[in-house]
Amino acid sequence: QIVHLADYRPTDFVLERVDLTFDLHPTETKVEARLIFHRREGTDPKAPLVLDGDDLSLSGLLLDQVDVPAGQFEATAESLTVRDLPESTPFELTITTIINPEANTQLMGLYRSGGIYCTQCEAEGFRRITYFPDRPDVLAPYTVNIIADKAANPLLLSNGNFLGGAGYGEGKHFAAWFDPHPKPSYLFALVAGDLGVVEDTFVTMSDREVALKIYVEHGKEPRAAYAMDALKRSMKWDEERFGREYDLDIFMIVAVSDFNMGAMENKGLNVFNDKYVLADPEIATDADYANIEAIIAHEYFHNWTGNRITCRDWFQLCLKEGLTVYRDHEFSADQRSRPVKRIAEVRHLKSEQFPEDSGPLAHPVRPTKYREINNFYTTTVYEKGSEVTRMIATLLGRDLFKKGMDLYFDRHDGQAVTIEDFIKCFEDASGRDLTQFSLWYHQAGTPLVTASGTYDAAAKTFALSLEQMVPATPGQATKEPMHIPLRTALFAADGALLTPTSVTDAELTDDVLHLTARTQTAVFHGIPSRPVLSLNRSFSTPINLQLSQSAKDLALIARYETDHFARWQALIDLGLPNLLQAARDARQGNPITCDAAFVDALLAAANDESLEPAFRAQALALPSEADIARELGGNNDPDAIHAGRQAILALVAEAGRSVFAALYDNMQTSDPFSPDAASAGRRALRNAALTYLSQSDNAPARAKAAFDAANNMTDLSAALTILAHRFPESAEAKAALQGFHDRFAENALVIDKWLAIQAAIPGAATLERIQGLMETPLFKRTNPNRMRALVGTFAFANPTGFGRADGAGYRFLAEQILDIDQRNPQLAARILTSMRSWRLLELVRADHARSALMQIERAGSLSTDVRDIVDRILKE
Ligand code: ARG
Ligand code: ZN
């Protein structure tokens, strides 16, 4: 059944207070919920109270401490209805349920993993703990009492501040927590067990001392140091940049190894996938460090954008997620290199969100209907949501954006609000009408902007014609023109920036050109010579841009743009046509060539010592096979795309042999390992050089030497990837894989990397390799990280292996999805989205893909999660 935004209405009853008592037991945990309600003014005095449940059974119900007679209530697994409640006075309901954390394989609600009790309640997991008005607009202060066996669970944690604890007899003890900040149930958390801790403190801007604690498995405490450092930097940054101060005496993070997502922002008690907490040079790559920093920040920032101000309903998810991703992006940009961070964001947006937005799962940033809310934690809600927030900042400028954010925090603190409330704050702060702009929240699909320029030497004008088209998406056949802010610059032939004397027929503020009509021609006056156009600088708007520019113009941008993102984009634009043509040629069996202009520009960037190494590494990373497939747009043959891309790599490698050899030597350092961005950039550039060198060596020796010499996980896994992907059958690759396995056999997070590297080996043989790995004892079906490492990587990141021509990869996925769905529907549905672009495949593969999807669709007992995805993916 489908939930519609239009059906929203407030609850009939207001929840005043929540008092929970957990008597923890691995298979029979008793939960007593004391809830104080009163009937909302103006609602029907006879209306019953209906509470949500999921897989629950009621074992006790009291109204004001008296048993409720059988005729007055009705309890099913999905709901509890109580009638004849007081018309105007508050009343207390005491609800008792018994739940089984050990049997909870969905990892939603209260579950037990590795001896640790923990919870995940967003979006609708709290209703698996007790009957409750489980929706984000019901806010109340919580008291939580936890009783548990003391020896097994020395640690008893929940949200808010610690009230006290004591012995409880029979080897048990208890602890009480109080969270004074009214919160919705999805932010509830409980953790109990035996964990080690890393402690620190933070002094806030108003001089309050906050205790910081990160809980990890015993023995892993040193690996939480980087996360702690990132947390303190996040707290400081949010004070300085957004004026946001932390609001409890204690902030806790718990790392668990079985977790469906990255992390969760429960009030005062964040729960993390341990992958995003634990790091040291031996086990973590530079990408891991960057992710940890970003996710620690993200969850911390939710304290204001999500927790203090939350969502009225789940349609408003982007209110907290889009905004918080924007905030964590800005944080990382300030902590690291802004242009390099922007390049990474855009790469991610294009490879994950663009395919979603152009396929069967496309939906608006603020959807209006859903069948399963868990399927809307998407890159559209998160990443496009962040881009939309960024565009508001671009339209308003830094100061007015800040003013709007201040107004938002001021006006809505303690409330559950909507996107309309959010936008209104920026309208009120700036006086700008954002009606047309807000279409970004409501219209799905990536807009296509077609641009062309004409220079009039006599008039000294440059006319830029722009046309926008928003493609049809499921449920949205026609679209209105959007407000598209395009950062724009013009350059002279010598690379100097040209400043127009005026611009007519379009608004230009600073370098932001406002495209608001379907077609529009902006005229730049006072342009002394034919300019080179740089459009959508820093990717100011998430669009597809069609603009044909000569290789010479692109090379000029790649060399002189002051916006380094635009330089990178120009290099990509130079390279992409070569990769597309190579794919076509490979398919036809034609010889493959590559433009010298592209190779020259790429090698010039690689060699340019005025550029940061991290940027140069980004320039050398060619668009992925998935990127090429998307640009080709249909009838795709993954083998031809792979072969074409490999051929281009080889041509660049050959032309750049000496450049890469020099870089490989020069980027080496004898300094001790440091995870900072500059050092990471040097490693990235060195490993990019190694990738090219191994391509032209056509032998594994150099990569094997790098593998043997590596003193950190970044270099080690880069070398292992080259060996396994480029020379999978070599003795060197086999020895390296075995050595890596033996060295890290005890470390689950590193074994996940080992599995993921193998799952991504190109070619048809990988499926059998994966099936073999699944037979070994290290394969744990119940662990989401492990499933994502092996099955997820194969389906999302191995176009030739997964998409092998006989369809065996798709059939394998169908079997896995059906199996995972029995235990963990959210995980199954997430991995299944890897099929979202199946219609872009050539006919034979598309047919195999369709059959596999239909095999899933026909299965008897699908979860709503998987049912929703498979139905949408198959729909015409
Ligand atoms: N709110 C969490 C975060 O972005 C993610 C929760 C994901 N929940 C889900 N049901 N998929 O930090
Ligand atoms: Zn979030």
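How many helices and strands does the secondary structure of the protein chain come to?

## Overall architecture

In this predicted model, the secondary structure of the protein chain comes to 27 helices and 34 strands. The radius of gyration of the chain is 28 Å, close to the 29 Å that the globule rule gives for 876 residues, so the chain is as compact as a globular protein of that length. Along the principal axes, its C-alpha atoms fill a box of roughly 85 × 65 × 60 Å.

Of the 876 residues, 51% count as buried. Among the contacts with a separation of 6 or more, 70% are accounted for by residues 24 or more positions apart.

## Geometry of helix H22

Helix H22 covers residues 784-797, and although it has 14 residues, its end C-alpha atoms are only 17 Å apart, short of the 20 Å that a straight helix would reach at 1.5 Å a residue. The helix also has a kink of about 35°, centred on Val 791.

Since 12 of its 14 residues are buried, H22 is largely enclosed by the rest of the structure. The buried residues include Pro 784, Asn 785, Arg 786 and Met 787, and among the others are Gly 792, Thr 793, Phe 794 and Ala 795. Val 791, on which the kink is centred, is itself one of the buried residues.

What covers the buried residues of H22 includes strand S21 (269-273), together with helix H20 (748-759) and helix H21 (766-774). Helix H23 (799-802), helix H24 (808-823) and helix H25 (825-832) are also among the covering elements.

Methods. Residues are numbered from 1 along each chain as its sequence is written. Chains are lettered from A and ligands numbered from 1 in the order in which they are written. This is a predicted model: local features need pLDDT of at least 70, side-chain atom pairs count only at pLDDT 80 or more; totals for chains, interfaces and linings use all residues. Helices (H or I, at least four residues) and strands (E, at least two) are DSSP runs, numbered from the N terminus. The expected span of a helix is 1.5 Å times one less than its number of residues. The bend at a residue is the angle between axes fitted to the seven residues ending there and the seven starting there. A residue is buried if 20 or more other C-beta atoms lie within 10 Å of its own, exposed if 12 or fewer, and partly exposed in between; C-beta atoms are placed from the backbone. Two residues are in contact if their C-beta atoms, placed from the backbone, lie within 7 Å. The radius of gyration is taken over C-alpha atoms; the globule rule is 2.2 Å times the number of residues to the power 0.38.
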